[in-house]
Amino acid sequence: MRKLLILGLLFFVGLGWSIATFQGLTTQGTYDRIVLDFREEVGSAQIENQVRAIAQQFKVQPSLNSQFSEADHLYTVKGDENLLKALKRSEIAKYTEYIEPDYIYSIPEPKDFEKRVDKDSQAIQPTSQAPNDPLYSQQWNLHSLGVEMSWQETKGSGATVAVIDTGISQVPDLKETKFAEGYDFVNDQTDASDDNGHGTHVAGTIAQSTNNGFGVAGIAYEATLMPLKVLSTSGGGTVADIAEAIRFAAEHGADVINMSLGGGGESLVMQEAIDYAHKKGVVIVGAAGNSAQNSASYPARYAHVIGVAALDASGQKAPYSNFGAGVNISAPGGSTAGENEAGGILQNTINPSTGESIFAAYQGTSMAAPHVAGVAALIKSAGVKDADEVAEILIQSARKVQDDGLNHFGAGKLDAAAAVKLALKGKITFNDFFRWLRDNGYLNPRFWIDGGVIALGPKVLMMLGSYLLAFFLRNYFPFTWSWSLASGLVAGSSGLFFLKGFYLFDAPQFPMRILGSSLPELGSAIQGSGALNPITASVLIPLSLVVLLLGHAQWKWFAIGSTLGVSACLGVSATIDPQLLWLGDGTIARLFLIVNALLCFGLARLASKPEEKFS
(Lines give C-alpha, C1' and ligand atoms only; values in the text may rest on other atoms or scores of the structure.)
Protein backbone atom coordinates (compact mmCIF):
# COMPACT_ATOMS: atom_id res chain seq x y z
CA MET A 1 0.00 0.00 0.00
CA ARG A 2 2.85 2.35 0.92
CA LYS A 3 4.51 1.64 -2.44
CA LEU A 4 1.31 2.54 -4.27
CA LEU A 5 1.06 5.81 -2.34
CA ILE A 6 4.66 6.65 -3.16
CA LEU A 7 4.19 5.79 -6.83
CA GLY A 8 1.01 7.90 -6.95
CA LEU A 9 2.79 10.81 -5.30
CA LEU A 10 5.67 10.56 -7.75
CA PHE A 11 3.21 10.43 -10.63
CA PHE A 12 1.40 13.61 -9.59
CA VAL A 13 4.68 15.39 -8.85
CA GLY A 14 5.95 14.41 -12.29
CA LEU A 15 2.69 15.48 -13.90
CA GLY A 16 2.81 18.84 -12.14
CA TRP A 17 6.42 19.33 -13.16
CA SER A 18 5.56 18.48 -16.79
CA ILE A 19 2.66 20.92 -16.83
CA ALA A 20 4.76 23.64 -15.28
CA THR A 21 7.56 22.96 -17.74
CA PHE A 22 5.12 22.99 -20.67
CA GLN A 23 3.58 26.23 -19.49
CA GLY A 24 7.01 27.72 -19.04
CA LEU A 25 7.98 26.74 -22.57
CA THR A 26 4.82 28.18 -24.04
CA THR A 27 4.92 31.44 -22.10
CA GLN A 28 8.58 32.39 -22.26
CA GLY A 29 9.42 35.31 -24.49
CA THR A 30 12.05 37.97 -25.02
CA TYR A 31 11.72 41.66 -24.20
CA ASP A 32 13.79 44.78 -23.58
CA ARG A 33 10.93 47.07 -22.61
CA ILE A 34 8.24 47.03 -19.92
CA VAL A 35 4.56 48.00 -20.20
CA LEU A 36 2.88 50.06 -17.51
CA ASP A 37 -0.88 50.30 -17.83
CA PHE A 38 -2.14 52.92 -15.35
CA ARG A 39 -5.62 52.50 -13.93
CA GLU A 40 -8.44 54.37 -15.67
CA GLU A 41 -9.46 56.21 -12.50
CA VAL A 42 -5.93 57.58 -12.00
CA GLY A 43 -5.82 61.21 -13.14
CA SER A 44 -3.29 62.74 -15.50
CA ALA A 45 -1.57 64.68 -12.68
CA GLN A 46 -1.08 61.50 -10.63
CA ILE A 47 0.27 59.67 -13.67
CA GLU A 48 2.78 62.48 -14.30
CA ASN A 49 3.89 62.25 -10.67
CA GLN A 50 4.41 58.50 -10.97
CA VAL A 51 6.31 58.88 -14.24
CA ARG A 52 8.65 61.40 -12.55
CA ALA A 53 9.03 59.07 -9.55
CA ILE A 54 10.08 56.21 -11.85
CA ALA A 55 12.60 58.46 -13.58
CA GLN A 56 14.09 59.60 -10.25
CA GLN A 57 14.10 56.21 -8.54
CA PHE A 58 15.05 53.91 -11.42
CA LYS A 59 16.87 56.32 -13.77
CA VAL A 60 14.65 55.45 -16.76
CA GLN A 61 12.08 57.57 -18.55
CA PRO A 62 8.62 56.07 -19.25
CA SER A 63 6.74 57.47 -22.25
CA LEU A 64 3.40 56.97 -23.96
CA ASN A 65 3.67 54.07 -26.37
CA SER A 66 2.14 56.06 -29.26
CA GLN A 67 -0.14 58.98 -30.00
CA PHE A 68 -3.10 56.66 -29.33
CA SER A 69 -1.90 55.63 -25.85
CA GLU A 70 -3.07 58.57 -23.77
CA ALA A 71 -6.70 57.44 -23.48
CA ASP A 72 -5.60 54.01 -22.23
CA HIS A 73 -2.79 55.39 -20.04
CA LEU A 74 -0.37 52.96 -21.69
CA TYR A 75 3.32 53.68 -21.06
CA THR A 76 6.46 51.77 -21.90
CA VAL A 77 9.94 52.02 -20.45
CA LYS A 78 13.22 50.40 -21.41
CA GLY A 79 14.16 47.70 -18.92
CA ASP A 80 14.92 44.06 -18.08
CA GLU A 81 13.69 41.43 -15.66
CA ASN A 82 15.34 43.14 -12.66
CA LEU A 83 13.56 46.42 -13.36
CA LEU A 84 10.30 44.55 -13.94
CA LYS A 85 10.51 42.93 -10.50
CA ALA A 86 11.48 46.22 -8.86
CA LEU A 87 8.55 48.08 -10.43
CA LYS A 88 6.10 45.40 -9.35
CA ARG A 89 7.37 45.71 -5.74
CA SER A 90 7.28 49.51 -5.74
CA GLU A 91 4.51 51.94 -4.76
CA ILE A 92 3.90 52.55 -8.47
CA ALA A 93 2.20 49.15 -8.76
CA LYS A 94 -0.90 50.30 -6.88
CA TYR A 95 -1.55 52.94 -9.56
CA THR A 96 -1.42 50.41 -12.43
CA GLU A 97 -3.67 47.64 -13.69
CA TYR A 98 -0.57 45.67 -14.50
CA ILE A 99 3.16 45.93 -15.11
CA GLU A 100 4.41 43.34 -17.56
CA PRO A 101 7.07 42.61 -20.20
CA ASP A 102 6.60 44.28 -23.57
CA TYR A 103 7.29 41.00 -25.34
CA ILE A 104 8.72 40.99 -28.83
CA TYR A 105 6.65 39.08 -31.38
CA SER A 106 7.96 38.47 -34.86
CA ILE A 107 7.38 36.87 -38.25
CA PRO A 108 7.24 33.10 -37.61
CA GLU A 109 9.48 32.17 -40.53
CA PRO A 110 10.99 28.83 -41.50
CA LYS A 111 14.63 28.98 -42.62
CA ASP A 112 13.89 28.50 -46.34
CA PHE A 113 11.36 31.30 -46.32
CA GLU A 114 11.81 33.15 -49.61
CA LYS A 115 11.63 31.36 -52.93
CA ARG A 116 11.28 33.02 -56.30
CA VAL A 117 8.70 31.53 -58.60
CA ASP A 118 9.06 30.33 -62.17
CA LYS A 119 6.38 32.35 -63.96
CA ASP A 120 6.18 29.87 -66.83
CA SER A 121 5.33 26.81 -64.74
CA GLN A 122 1.79 25.44 -64.76
CA ALA A 123 0.45 23.72 -61.64
CA ILE A 124 -3.35 23.69 -61.98
CA GLN A 125 -5.58 23.69 -65.04
CA PRO A 126 -8.04 26.62 -64.57
CA THR A 127 -11.76 26.07 -65.02
CA SER A 128 -14.09 28.11 -67.20
CA GLN A 129 -15.01 30.22 -64.14
CA ALA A 130 -11.39 31.09 -63.39
CA PRO A 131 -10.28 34.74 -63.31
CA ASN A 132 -8.02 36.00 -66.08
CA ASP A 133 -4.96 36.50 -63.86
CA PRO A 134 -2.18 34.72 -65.81
CA LEU A 135 -0.49 33.19 -62.72
CA TYR A 136 -3.73 31.97 -61.15
CA SER A 137 -3.02 28.48 -62.48
CA GLN A 138 -0.10 28.27 -60.02
CA GLN A 139 -2.24 29.10 -56.99
CA TRP A 140 -3.02 25.55 -55.91
CA ASN A 141 -3.96 26.97 -52.53
CA LEU A 142 -6.97 28.91 -53.87
CA HIS A 143 -8.14 25.95 -55.94
CA SER A 144 -8.03 23.73 -52.85
CA LEU A 145 -10.44 26.09 -51.05
CA GLY A 146 -13.07 26.12 -53.80
CA VAL A 147 -12.90 29.91 -54.09
CA GLU A 148 -14.47 29.97 -57.53
CA MET A 149 -17.71 28.57 -56.09
CA SER A 150 -17.64 31.13 -53.26
CA TRP A 151 -17.08 33.98 -55.75
CA GLN A 152 -20.44 33.16 -57.34
CA GLU A 153 -22.04 34.51 -54.15
CA THR A 154 -19.64 37.12 -52.75
CA LYS A 155 -16.22 38.57 -53.38
CA GLY A 156 -15.87 40.36 -50.06
CA SER A 157 -17.42 43.71 -50.96
CA GLY A 158 -18.12 45.83 -47.90
CA ALA A 159 -15.74 43.95 -45.58
CA THR A 160 -12.55 45.54 -44.21
CA VAL A 161 -9.57 43.42 -43.24
CA ALA A 162 -6.85 44.89 -41.03
CA VAL A 163 -3.42 43.38 -41.76
CA ILE A 164 -1.31 43.78 -38.61
CA ASP A 165 2.14 43.04 -39.97
CA THR A 166 5.14 44.74 -41.59
CA GLY A 167 2.86 47.13 -43.49
CA ILE A 168 1.58 46.94 -47.06
CA SER A 169 3.21 48.34 -50.18
CA GLN A 170 0.82 48.95 -53.06
CA VAL A 171 2.57 46.74 -55.59
CA PRO A 172 1.15 46.56 -59.14
CA ASP A 173 -1.16 43.63 -58.34
CA LEU A 174 -2.77 45.63 -55.51
CA LYS A 175 -3.48 48.58 -57.79
CA GLU A 176 -7.24 47.87 -58.02
CA THR A 177 -7.61 46.81 -54.36
CA LYS A 178 -9.36 49.23 -52.00
CA PHE A 179 -7.45 50.58 -48.99
CA ALA A 180 -8.60 52.11 -45.71
CA GLU A 181 -6.54 54.52 -43.64
CA GLY A 182 -3.89 52.68 -41.62
CA TYR A 183 -1.00 53.53 -39.33
CA ASP A 184 2.67 52.71 -38.75
CA PHE A 185 3.08 52.00 -35.01
CA VAL A 186 6.80 51.28 -35.40
CA ASN A 187 7.68 54.75 -36.69
CA ASP A 188 4.56 56.57 -35.43
CA GLN A 189 3.39 57.84 -38.81
CA THR A 190 0.38 57.50 -41.07
CA ASP A 191 2.30 55.94 -43.97
CA ALA A 192 2.21 52.19 -43.28
CA SER A 193 4.26 51.05 -46.28
CA ASP A 194 6.05 47.72 -46.13
CA ASP A 195 9.84 47.55 -45.88
CA ASN A 196 10.06 43.79 -45.42
CA GLY A 197 7.72 42.15 -47.93
CA HIS A 198 5.94 39.87 -45.49
CA GLY A 199 2.88 42.07 -44.90
CA THR A 200 2.39 42.76 -48.59
CA HIS A 201 2.49 39.03 -49.35
CA VAL A 202 -0.07 38.33 -46.61
CA ALA A 203 -2.33 41.14 -47.86
CA GLY A 204 -2.21 39.69 -51.38
CA THR A 205 -3.65 36.36 -50.26
CA ILE A 206 -6.55 38.23 -48.66
CA ALA A 207 -7.39 40.76 -51.38
CA GLN A 208 -4.95 40.76 -54.30
CA SER A 209 -6.48 42.57 -57.28
CA THR A 210 -8.22 39.81 -59.24
CA ASN A 211 -9.54 39.37 -62.76
CA ASN A 212 -7.36 42.29 -63.82
CA GLY A 213 -5.35 40.39 -66.42
CA PHE A 214 -2.20 40.60 -64.32
CA GLY A 215 -0.38 38.47 -61.79
CA VAL A 216 -2.31 36.39 -59.28
CA ALA A 217 -5.64 36.34 -57.44
CA GLY A 218 -6.81 36.99 -53.87
CA ILE A 219 -9.62 35.42 -51.87
CA ALA A 220 -11.81 38.42 -50.92
CA TYR A 221 -10.62 40.71 -53.68
CA GLU A 222 -13.45 43.22 -53.36
CA ALA A 223 -12.74 43.71 -49.66
CA THR A 224 -10.85 46.73 -48.27
CA LEU A 225 -7.38 46.36 -46.74
CA MET A 226 -6.28 48.34 -43.67
CA PRO A 227 -2.46 48.38 -43.35
CA LEU A 228 -1.21 48.47 -39.74
CA LYS A 229 2.56 48.25 -39.41
CA VAL A 230 3.76 46.82 -36.08
CA LEU A 231 6.81 44.86 -37.27
CA SER A 232 10.07 46.52 -38.27
CA THR A 233 12.24 45.82 -41.28
CA SER A 234 13.79 42.92 -39.41
CA GLY A 235 10.33 41.49 -38.65
CA GLY A 236 10.10 42.17 -34.90
CA GLY A 237 7.56 44.22 -32.94
CA THR A 238 6.24 44.69 -29.42
CA VAL A 239 2.98 43.53 -27.89
CA ALA A 240 2.20 47.13 -26.93
CA ASP A 241 2.28 48.20 -30.58
CA ILE A 242 0.31 45.13 -31.66
CA ALA A 243 -2.31 45.71 -28.96
CA GLU A 244 -2.74 49.32 -30.01
CA ALA A 245 -3.04 48.26 -33.64
CA ILE A 246 -5.83 45.85 -32.65
CA ARG A 247 -7.69 48.67 -30.90
CA PHE A 248 -7.10 50.99 -33.88
CA ALA A 249 -8.58 48.38 -36.23
CA ALA A 250 -11.63 47.84 -34.03
CA GLU A 251 -12.26 51.58 -33.68
CA HIS A 252 -11.82 52.33 -37.40
CA GLY A 253 -14.29 49.84 -38.86
CA ALA A 254 -12.29 46.65 -39.40
CA ASP A 255 -14.40 43.51 -39.74
CA VAL A 256 -11.49 41.07 -39.69
CA ILE A 257 -7.96 41.26 -38.26
CA ASN A 258 -5.12 39.09 -39.55
CA MET A 259 -1.99 38.63 -37.43
CA SER A 260 0.64 36.55 -39.21
CA LEU A 261 3.10 37.03 -36.39
CA GLY A 262 3.85 35.39 -33.09
CA GLY A 263 6.07 34.67 -30.18
CA GLY A 264 6.27 33.55 -26.59
CA GLY A 265 4.96 35.43 -23.61
CA GLU A 266 1.36 35.96 -22.58
CA SER A 267 0.33 39.60 -22.28
CA LEU A 268 -2.64 41.13 -20.48
CA VAL A 269 -2.46 44.28 -22.60
CA MET A 270 -2.77 42.08 -25.70
CA GLN A 271 -5.61 40.03 -24.24
CA GLU A 272 -7.56 43.18 -23.32
CA ALA A 273 -7.17 44.57 -26.83
CA ILE A 274 -8.35 41.28 -28.34
CA ASP A 275 -11.37 41.18 -26.01
CA TYR A 276 -12.18 44.78 -26.93
CA ALA A 277 -12.09 44.04 -30.67
CA HIS A 278 -14.10 40.85 -30.23
CA LYS A 279 -16.86 42.72 -28.40
CA LYS A 280 -17.07 45.09 -31.35
CA GLY A 281 -17.68 42.13 -33.69
CA VAL A 282 -14.20 41.84 -35.18
CA VAL A 283 -13.03 38.38 -36.29
CA ILE A 284 -9.39 37.89 -35.25
CA VAL A 285 -7.12 35.38 -37.00
CA GLY A 286 -3.60 34.39 -35.94
CA ALA A 287 -0.80 32.19 -37.28
CA ALA A 288 -0.12 29.10 -35.14
CA GLY A 289 3.66 29.36 -35.55
CA ASN A 290 6.38 27.53 -37.45
CA SER A 291 8.33 25.65 -34.76
CA ALA A 292 6.68 22.23 -35.27
CA GLN A 293 5.74 22.32 -31.59
CA ASN A 294 2.71 20.86 -29.85
CA SER A 295 1.12 24.25 -29.12
CA ALA A 296 0.34 27.40 -31.04
CA SER A 297 2.34 30.51 -30.28
CA TYR A 298 0.82 33.79 -29.16
CA PRO A 299 -1.35 35.57 -30.28
CA ALA A 300 -3.03 32.49 -31.78
CA ARG A 301 -3.23 31.03 -28.25
CA TYR A 302 -5.35 33.89 -26.89
CA ALA A 303 -9.07 33.50 -26.37
CA HIS A 304 -11.15 34.90 -29.29
CA VAL A 305 -8.30 34.37 -31.79
CA ILE A 306 -8.69 31.73 -34.51
CA GLY A 307 -5.37 29.85 -34.54
CA VAL A 308 -4.41 28.56 -37.99
CA ALA A 309 -2.07 25.64 -38.76
CA ALA A 310 -0.50 25.22 -42.21
CA LEU A 311 -1.14 22.63 -44.92
CA ASP A 312 1.19 21.73 -47.76
CA ALA A 313 0.12 21.27 -51.39
CA SER A 314 -0.87 17.64 -50.73
CA GLY A 315 -3.25 18.69 -47.93
CA GLN A 316 -1.06 17.31 -45.15
CA LYS A 317 0.24 19.27 -42.16
CA ALA A 318 3.23 21.30 -43.31
CA PRO A 319 6.42 20.00 -41.64
CA TYR A 320 7.14 23.28 -39.85
CA SER A 321 3.61 24.01 -38.60
CA ASN A 322 2.77 24.11 -34.92
CA PHE A 323 -0.15 21.92 -33.87
CA GLY A 324 -2.06 20.89 -30.77
CA ALA A 325 -3.25 23.43 -28.20
CA GLY A 326 -4.48 26.67 -29.73
CA VAL A 327 -5.02 25.35 -33.27
CA ASN A 328 -8.62 25.91 -34.39
CA ILE A 329 -8.44 25.25 -38.14
CA SER A 330 -5.91 24.53 -40.90
CA ALA A 331 -5.36 26.25 -44.25
CA PRO A 332 -2.82 26.23 -47.08
CA GLY A 333 0.56 27.51 -45.90
CA GLY A 334 2.71 25.77 -48.48
CA SER A 335 6.03 24.00 -48.31
CA THR A 336 9.04 25.00 -50.39
CA ALA A 337 11.27 22.25 -49.01
CA GLY A 338 13.67 20.73 -51.51
CA GLU A 339 13.75 23.83 -53.73
CA ASN A 340 10.11 23.20 -54.65
CA GLU A 341 8.89 26.72 -55.39
CA ALA A 342 5.61 25.39 -56.79
CA GLY A 343 4.71 24.16 -53.31
CA GLY A 344 4.72 27.67 -51.84
CA ILE A 345 2.03 30.33 -51.64
CA LEU A 346 2.45 32.67 -54.59
CA GLN A 347 1.66 36.40 -54.27
CA ASN A 348 2.94 39.78 -55.42
CA THR A 349 5.18 41.45 -52.85
CA ILE A 350 8.41 43.47 -52.65
CA ASN A 351 12.07 42.55 -52.57
CA PRO A 352 13.12 43.90 -49.15
CA SER A 353 16.61 44.66 -50.44
CA THR A 354 15.55 46.80 -53.37
CA GLY A 355 11.87 47.56 -52.75
CA GLU A 356 10.99 46.40 -56.27
CA SER A 357 7.86 44.40 -57.04
CA ILE A 358 8.30 40.63 -57.29
CA PHE A 359 6.17 37.49 -57.42
CA ALA A 360 7.39 35.15 -54.71
CA ALA A 361 6.29 31.80 -53.27
CA TYR A 362 6.47 31.86 -49.46
CA GLN A 363 5.69 29.19 -46.90
CA GLY A 364 4.54 29.38 -43.31
CA THR A 365 1.56 29.61 -40.99
CA SER A 366 1.90 33.31 -41.84
CA MET A 367 0.61 32.33 -45.27
CA ALA A 368 -2.10 30.04 -43.86
CA ALA A 369 -3.71 32.65 -41.58
CA PRO A 370 -4.69 35.12 -44.36
CA HIS A 371 -6.58 32.35 -46.16
CA VAL A 372 -8.84 32.13 -43.11
CA ALA A 373 -9.01 35.93 -42.82
CA GLY A 374 -10.01 36.16 -46.48
CA VAL A 375 -12.80 33.60 -46.10
CA ALA A 376 -13.94 35.35 -42.90
CA ALA A 377 -14.24 38.54 -45.01
CA LEU A 378 -16.42 36.63 -47.52
CA ILE A 379 -18.65 35.47 -44.66
CA LYS A 380 -18.87 39.02 -43.28
CA SER A 381 -19.72 40.28 -46.76
CA ALA A 382 -22.48 37.67 -46.98
CA GLY A 383 -24.22 39.38 -44.07
CA VAL A 384 -22.97 37.56 -40.96
CA LYS A 385 -21.91 40.24 -38.47
CA ASP A 386 -21.30 38.45 -35.17
CA ALA A 387 -17.68 37.38 -34.70
CA ASP A 388 -18.55 34.16 -32.88
CA GLU A 389 -21.03 33.22 -35.61
CA VAL A 390 -18.35 33.77 -38.28
CA ALA A 391 -15.95 31.54 -36.32
CA GLU A 392 -18.64 28.87 -35.95
CA ILE A 393 -19.31 28.93 -39.70
CA LEU A 394 -15.59 28.51 -40.42
CA ILE A 395 -15.41 25.55 -38.05
CA GLN A 396 -18.65 23.84 -39.11
CA SER A 397 -17.86 24.16 -42.82
CA ALA A 398 -14.26 22.91 -42.52
CA ARG A 399 -13.47 19.55 -44.13
CA LYS A 400 -13.11 17.21 -41.18
CA VAL A 401 -10.02 15.03 -40.74
CA GLN A 402 -10.43 11.64 -39.08
CA ASP A 403 -7.97 10.29 -36.51
CA ASP A 404 -6.36 13.65 -35.78
CA GLY A 405 -5.30 12.78 -32.25
CA LEU A 406 -2.53 15.40 -32.11
CA ASN A 407 -4.79 18.17 -33.45
CA HIS A 408 -2.77 18.89 -36.57
CA PHE A 409 -5.84 20.31 -38.31
CA GLY A 410 -8.09 21.78 -35.61
CA ALA A 411 -11.73 21.60 -36.77
CA GLY A 412 -10.50 20.57 -40.22
CA LYS A 413 -9.32 22.06 -43.50
CA LEU A 414 -10.63 25.46 -44.57
CA ASP A 415 -13.35 25.29 -47.25
CA ALA A 416 -14.33 28.66 -48.73
CA ALA A 417 -17.20 27.33 -50.86
CA ALA A 418 -18.82 25.45 -47.96
CA ALA A 419 -18.32 28.39 -45.58
CA VAL A 420 -20.05 30.88 -47.86
CA LYS A 421 -22.86 28.42 -48.60
CA LEU A 422 -23.42 27.94 -44.86
CA ALA A 423 -23.30 31.71 -44.28
CA LEU A 424 -26.01 32.23 -46.91
CA LYS A 425 -28.23 29.37 -45.78
CA GLY A 426 -31.83 30.54 -45.80
CA LYS A 427 -31.07 33.81 -47.58
CA ILE A 428 -32.15 34.75 -51.09
CA THR A 429 -29.38 36.52 -53.00
CA PHE A 430 -29.25 38.23 -56.36
CA ASN A 431 -27.25 35.26 -57.62
CA ASP A 432 -30.09 32.93 -56.62
CA PHE A 433 -32.49 35.03 -58.72
CA PHE A 434 -29.98 35.21 -61.58
CA ARG A 435 -29.55 31.43 -61.56
CA TRP A 436 -33.34 31.04 -61.54
CA LEU A 437 -33.56 33.25 -64.62
CA ARG A 438 -30.77 31.25 -66.26
CA ASP A 439 -32.04 27.79 -65.30
CA ASN A 440 -35.60 28.56 -66.40
CA GLY A 441 -34.52 29.94 -69.73
CA TYR A 442 -35.23 33.63 -69.18
CA LEU A 443 -31.70 34.60 -70.21
CA ASN A 444 -31.91 32.50 -73.37
CA PRO A 445 -33.09 34.47 -76.45
CA ARG A 446 -35.13 31.40 -77.49
CA PHE A 447 -37.23 31.91 -74.39
CA TRP A 448 -39.12 34.73 -75.98
CA ILE A 449 -40.40 32.27 -78.61
CA ASP A 450 -40.56 29.02 -76.66
CA GLY A 451 -41.71 30.36 -73.32
CA GLY A 452 -40.59 29.00 -69.94
CA VAL A 453 -41.87 27.35 -66.80
CA ILE A 454 -43.70 30.50 -65.75
CA ALA A 455 -44.98 31.07 -69.29
CA LEU A 456 -43.83 34.65 -69.62
CA GLY A 457 -45.50 35.02 -73.03
CA PRO A 458 -49.06 34.46 -71.74
CA LYS A 459 -48.31 36.62 -68.69
CA VAL A 460 -47.30 39.52 -70.93
CA LEU A 461 -50.45 39.03 -73.00
CA MET A 462 -52.60 39.03 -69.87
CA MET A 463 -50.98 42.22 -68.65
CA LEU A 464 -51.31 43.97 -72.01
CA GLY A 465 -54.85 42.71 -72.38
CA SER A 466 -55.88 44.17 -69.01
CA TYR A 467 -54.48 47.58 -69.98
CA LEU A 468 -56.22 47.43 -73.38
CA LEU A 469 -59.52 46.68 -71.67
CA ALA A 470 -58.95 49.61 -69.33
CA PHE A 471 -58.25 51.93 -72.27
CA PHE A 472 -61.37 50.65 -74.02
CA LEU A 473 -63.47 51.24 -70.92
CA ARG A 474 -62.02 54.74 -70.53
CA ASN A 475 -63.58 55.72 -73.86
CA TYR A 476 -67.06 55.18 -72.37
CA PHE A 477 -66.45 56.38 -68.81
CA PRO A 478 -63.48 58.77 -68.57
CA PHE A 479 -61.42 58.26 -65.42
CA THR A 480 -57.97 59.18 -64.08
CA TRP A 481 -55.22 56.56 -64.04
CA SER A 482 -54.04 55.76 -60.53
CA TRP A 483 -51.75 53.39 -58.67
CA SER A 484 -54.75 51.58 -57.24
CA LEU A 485 -56.11 50.89 -60.74
CA ALA A 486 -52.69 49.78 -62.02
CA SER A 487 -52.17 47.52 -58.98
CA GLY A 488 -55.53 45.92 -59.58
CA LEU A 489 -54.70 45.30 -63.25
CA VAL A 490 -51.49 43.49 -62.21
CA ALA A 491 -53.16 41.51 -59.40
CA GLY A 492 -55.98 40.33 -61.63
CA SER A 493 -54.02 39.52 -64.78
CA SER A 494 -50.48 38.29 -64.15
CA GLY A 495 -49.72 38.78 -60.47
CA LEU A 496 -46.09 39.11 -59.32
CA PHE A 497 -45.32 35.97 -61.30
CA PHE A 498 -41.50 36.26 -60.98
CA LEU A 499 -41.76 35.51 -57.23
CA LYS A 500 -42.61 31.91 -58.06
CA GLY A 501 -38.99 31.39 -59.07
CA PHE A 502 -37.48 32.31 -55.72
CA TYR A 503 -36.23 29.42 -53.63
CA LEU A 504 -36.22 29.61 -49.83
CA PHE A 505 -33.79 27.09 -48.35
CA ASP A 506 -35.40 24.66 -45.92
CA ALA A 507 -38.79 26.42 -46.19
CA PRO A 508 -42.11 25.55 -47.89
CA GLN A 509 -42.48 27.08 -51.35
CA PHE A 510 -46.25 27.59 -51.46
CA PRO A 511 -46.05 31.10 -49.89
CA MET A 512 -43.95 32.25 -52.83
CA ARG A 513 -46.35 30.61 -55.27
CA ILE A 514 -49.28 32.43 -53.61
CA LEU A 515 -47.45 35.79 -53.72
CA GLY A 516 -46.56 35.19 -57.34
CA SER A 517 -50.06 34.22 -58.48
CA SER A 518 -52.80 36.31 -60.04
CA LEU A 519 -56.31 36.20 -58.54
CA PRO A 520 -57.54 33.39 -60.86
CA GLU A 521 -54.49 31.27 -59.95
CA LEU A 522 -54.94 31.46 -56.18
CA GLY A 523 -57.15 28.36 -56.08
CA SER A 524 -54.35 26.09 -57.29
CA ALA A 525 -51.28 28.02 -56.02
CA ILE A 526 -50.79 25.92 -52.87
CA GLN A 527 -50.86 22.64 -54.80
CA GLY A 528 -48.66 24.09 -57.52
CA SER A 529 -51.06 22.83 -60.18
CA GLY A 530 -51.01 24.30 -63.67
CA ALA A 531 -54.79 23.94 -63.96
CA LEU A 532 -57.03 26.78 -62.76
CA ASN A 533 -59.63 26.28 -60.06
CA PRO A 534 -63.13 27.18 -61.42
CA ILE A 535 -64.01 28.89 -58.13
CA THR A 536 -61.18 31.46 -58.27
CA ALA A 537 -60.96 31.51 -62.08
CA SER A 538 -64.40 33.08 -62.37
CA VAL A 539 -66.31 36.27 -61.68
CA LEU A 540 -66.71 35.42 -57.97
CA ILE A 541 -63.57 37.15 -56.57
CA PRO A 542 -64.02 40.30 -58.73
CA LEU A 543 -67.67 40.48 -57.68
CA SER A 544 -66.70 40.24 -53.99
CA LEU A 545 -64.09 42.99 -54.39
CA VAL A 546 -66.53 45.31 -56.15
CA VAL A 547 -69.22 44.78 -53.52
CA LEU A 548 -66.74 45.45 -50.68
CA LEU A 549 -64.83 48.37 -52.17
CA LEU A 550 -67.25 50.22 -54.47
CA GLY A 551 -68.08 52.82 -51.82
CA HIS A 552 -64.41 53.72 -51.23
CA ALA A 553 -63.11 56.48 -53.52
CA GLN A 554 -59.56 55.08 -53.81
CA TRP A 555 -59.93 51.32 -53.39
CA LYS A 556 -62.88 51.24 -55.80
CA TRP A 557 -60.37 51.50 -58.64
CA PHE A 558 -58.33 48.60 -57.30
CA ALA A 559 -61.50 46.48 -57.47
CA ILE A 560 -62.24 47.67 -61.02
CA GLY A 561 -58.63 47.11 -62.12
CA SER A 562 -58.63 43.61 -60.59
CA THR A 563 -61.88 42.80 -62.42
CA LEU A 564 -60.41 43.92 -65.76
CA GLY A 565 -57.22 41.98 -65.02
CA VAL A 566 -59.17 38.79 -64.28
CA SER A 567 -61.13 39.31 -67.51
CA ALA A 568 -57.88 39.49 -69.49
CA CYS A 569 -56.37 36.51 -67.65
CA LEU A 570 -59.40 34.29 -68.30
CA GLY A 571 -59.63 35.40 -71.92
CA VAL A 572 -55.98 34.62 -72.65
CA SER A 573 -56.20 31.31 -70.76
CA ALA A 574 -59.27 30.32 -72.77
CA THR A 575 -57.34 30.97 -75.98
CA ILE A 576 -53.94 29.51 -75.10
CA ASP A 577 -54.34 26.92 -72.34
CA PRO A 578 -57.92 26.30 -71.07
CA GLN A 579 -57.06 23.94 -68.18
CA LEU A 580 -59.62 23.77 -65.36
CA LEU A 581 -59.83 21.45 -62.40
CA TRP A 582 -62.76 19.02 -62.74
CA LEU A 583 -63.66 20.43 -66.21
CA GLY A 584 -60.53 19.37 -68.12
CA ASP A 585 -59.08 21.32 -71.04
CA GLY A 586 -61.71 20.89 -73.72
CA THR A 587 -64.67 22.87 -75.02
CA ILE A 588 -66.48 23.02 -71.67
CA ALA A 589 -63.46 24.54 -69.95
CA ARG A 590 -62.95 27.02 -72.78
CA LEU A 591 -66.61 28.16 -72.71
CA PHE A 592 -66.50 28.50 -68.91
CA LEU A 593 -63.47 30.81 -69.12
CA ILE A 594 -64.89 32.90 -71.97
CA VAL A 595 -68.25 33.40 -70.23
CA ASN A 596 -66.58 34.46 -66.97
CA ALA A 597 -64.18 36.76 -68.85
CA LEU A 598 -67.17 38.54 -70.40
CA LEU A 599 -68.96 38.71 -67.06
CA CYS A 600 -65.88 40.28 -65.48
CA PHE A 601 -65.65 42.93 -68.18
CA GLY A 602 -69.37 43.69 -67.85
CA LEU A 603 -68.95 43.97 -64.08
CA ALA A 604 -66.04 46.41 -64.49
CA ARG A 605 -68.04 48.47 -66.99
CA LEU A 606 -71.00 48.64 -64.62
CA ALA A 607 -68.82 49.57 -61.60
CA SER A 608 -67.09 52.35 -63.60
CA LYS A 609 -70.26 54.36 -64.26
CA PRO A 610 -69.70 57.65 -62.46
CA GLU A 611 -73.27 58.45 -61.43
CA GLU A 612 -74.73 55.03 -60.76
CA LYS A 613 -74.46 52.88 -57.69
CA PHE A 614 -73.74 49.22 -58.05
CA SER A 615 -76.41 47.09 -56.41
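These legends describe close-up views of a predicted model.

**View 1. Y31 and Y103 form an aromatic pair.** The whole structure holds 13 aromatic pairs. One of them joins Y31 and Y103 in an edge-to-face arrangement. Y31 has a relative accessible area of 21%, so Y31 is partly exposed. Y103 has a relative accessibility of 11%, so Y103 counts as buried. The cut-off for buried is under 20%.

**View 2. Four aromatic residues form a cluster.** The members are F68, Y183, F185 and F248. Ring pairs link them.

**View 3. A charged end sits over a ring.** The charge belongs to R247, and the ring to Y276. The distance from the charged end of R247 to the ring centre of Y276 is 4.8 Å.

**View 4. S157 lies in a loop.** This loop runs between α5 (147-151) and β7 (160-165). S157 has a relative accessibility of 44%, so S157 counts as partly exposed. Leaving aside residues up to four places away in sequence, S157 touches E222, A223 and S381. A377 is 220 residues from S157 along the chain, yet the C-alpha atoms of S157 and A377 are separated by 8.5 Å.

How values were computed: Residues numbered from 1 in each chain as written. Predicted model: local features only at pLDDT ≥ 70, side-chain atom pairs only at ≥ 80, totals over all residues. Heavy atoms only, no water. Phe/Tyr/Trp six-rings, centres within 6.5 Å; stacked < 30°, edge-to-face > 60°. Buried < 20%, exposed > 50% of the residue type's maximum accessible area, 1.4 Å probe, protein only. Lys NZ or Arg CZ within 6 Å of the ring centre and 35° of its normal. Helix = DSSP H or I, 4+ residues; strand = E, 2+ residues; numbered from the N terminus. Contact = heavy atoms within 4.5 Å.
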